[in-house]
Structure formats: structure tokens, C-alpha cells
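Work through the following exercises with the coordinates open. Each task is followed by a solution in steps.

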Amino acid sequence: MELKLLNDQGQSASTFAAPDTVFGRDFNEALVHQVVVAFQANARSGDRAQKGRDDVRHSTKKPWRQKGTGRARSGMTSSPIWRGGGRAFPNSPEENFSQKVNKKMYRAGIRAILSQLAREDRISVVDTFALESPKTKEAAARLKSMGFESVLIITDVLDENLYLATRNLPHVAVVEPRYADPLSLIHYKKVLITKPAIAQFEEMLA
């Protein structure tokens, strides 16, 4: 797969031959959907709690006698069908939303995403990408000059200046290949990868 190779000014200098084992795979929509949903589900935390029938404050007295009133029979006011009653199936803080995805499936999903991004011309390659100082203004100006508004930057080694300069930019993220998650790859409009990072992808996913 041929990817666009950019220079420091963001101009297309030539092309870069990326490995087809990572960037030349077919797109499996069902697999990618499963991987993305599992990633989002695993990020959820069971931090909500609801009260059941035993937890609500109520009286154990029977509201009215069993027969003869013409109304439906009722035992106590904690019933889920009563206003102020407990929930039938309350949520608990111990609720687990995680979904298991095998390593083989996860890697195949990442390969499918990268391959589709390459076909859509949303991936660009640079030799290196670093900043001399941790200045957000400098990072924003450089990315704007290169034509990037929403971009995920994947570098082989996380440069501290680059990370500090871009962490306040809402549409820019900097990660290493091992932390490139499927949701971020899909979310950002463009992906900028350094050559050593592509080698790391090949080692991880091929």
C-alpha cells in the first residue's frame, strides 16, 4: 500500500511503501463494529446506584384490605409499580459492562481500520515529528500550515514537547502505536504516522 509521504511543510514529497500485511487488508465492517463497541463498553464504569424494594423508605403495613374494596390487591408501598417504590432490577455500582475481545480479533480490527483509512487517503507519513519547545501556539501553527485541523499523531517515541504543546488542542492527539485505539483512529479526520511508528505497527499487527 502506497501512503503519502509529507515533508516538514506538509507538502507531498513522494510516496511510502507501507506493508500490505497491515495497510492492505480488506475491510470487515462487522469485526470493526464489534471492536469499537467493546472498546467503548470497557471504558464504562458502574458508578450509578438505584434503590430496590429493600432500600426505599416505606411502611410494611398493607395499604388496604385484600378483598372487598374493588381495587387491585396490594401488599406494601415498596412495590415497583407504586410511586416512590423500589426498582425491580436496580443498577448497582458493581455492574460490569466489559466485553471480551480476543487479541487476534482486536489486531485484525486495527488492521482493517488502518487499511480503510489508507484507501480513503486519510493517512500520511512523515520521517519525524517533534517540536523544539512545548508551545501550543507553535504546534497549532505548524499543523495548520500542514493542512491538519483534526489529526491523530502517532509517533514511535512520545516527544514531551509535542505532547505538552498539543494537549490543549481539542482536535489533536498524540499517541504511541501501542496506545492507538480503534475509536481514535476512526474519530479523527486525518492520521499522521512517523516511519518508525509504521515499523512498530508491522511488528505488533503483522
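The model is predicted, so local features need pLDDT of at least 70 and side-chain atom pairs count only at pLDDT 80 or more, while totals for chains, interfaces and linings use all residues. Residues are numbered from 1 along each chain as its sequence is written, and side-chain values use heavy atoms, with hydrogens and water left out.

**Exercise 1.** Locate Ser 74 and decide whether Ser 74 is buried or exposed.

Solution. 
Step 1. Ser 74 sits in the loop between helix H2 (29-42) and H3. Helices (H or I, at least four residues) and strands (E, at least two) are DSSP runs, numbered from the N terminus.
Step 2. Ser 74 counts as buried because its relative accessibility is 9%. Buried means under 20% relative accessible area, exposed over 50%, and partly exposed in between (1.4 Å probe, protein chains only).
Step 3. Beyond its neighbours within four places in sequence, Ser 74 is in contact (heavy atoms within 4.5 Å) with Lys 62, Pro 63, Trp 64 and Trp 82.
Step 4. The side chains of Ser 74 and Trp 82 are joined by a polar contact of 3.4 Å. A polar contact is a pair of N or O atoms within 3.5 Å; within protein, one must be able to donate a hydrogen and the other to accept it, and residues adjacent in sequence count only if both atoms are side-chain atoms.

**Exercise 2.** Describe the surroundings of Ser 150.

Solution. 
Step 1. Ser 150 belongs to the loop between helix H4 (136-145) and strand E4 (151-154).
Step 2. With a relative accessible area of 10%, Ser 150 is buried.
Step 3. Not counting residues up to four places away in sequence, Ser 150 touches His 171, Tyr 188, Lys 189 and Lys 190.
Step 4. A polar atom of the Ser 150 side chain lies 3.3 Å from the backbone nitrogen of Lys 189.

**Exercise 3.** Which residues touch the most other members of the largest nonpolar core?

Solution. 
Step 1. A nonpolar core is a set of buried Ala, Val, Leu, Ile, Met, Phe, Trp, Tyr and Cys residues joined through side-chain atoms within 4.5 Å.
Step 2. Among the 29 residues of the largest core, those touching the most other members are Phe 23, Leu 114, Ile 123, Ile 154, Leu 185 and Ile 193.
Step 3. H3 gives the most to this core, with 6 residues.
Step 4. A second, separate core has 16 residues, including Leu 131 and Phe 148.
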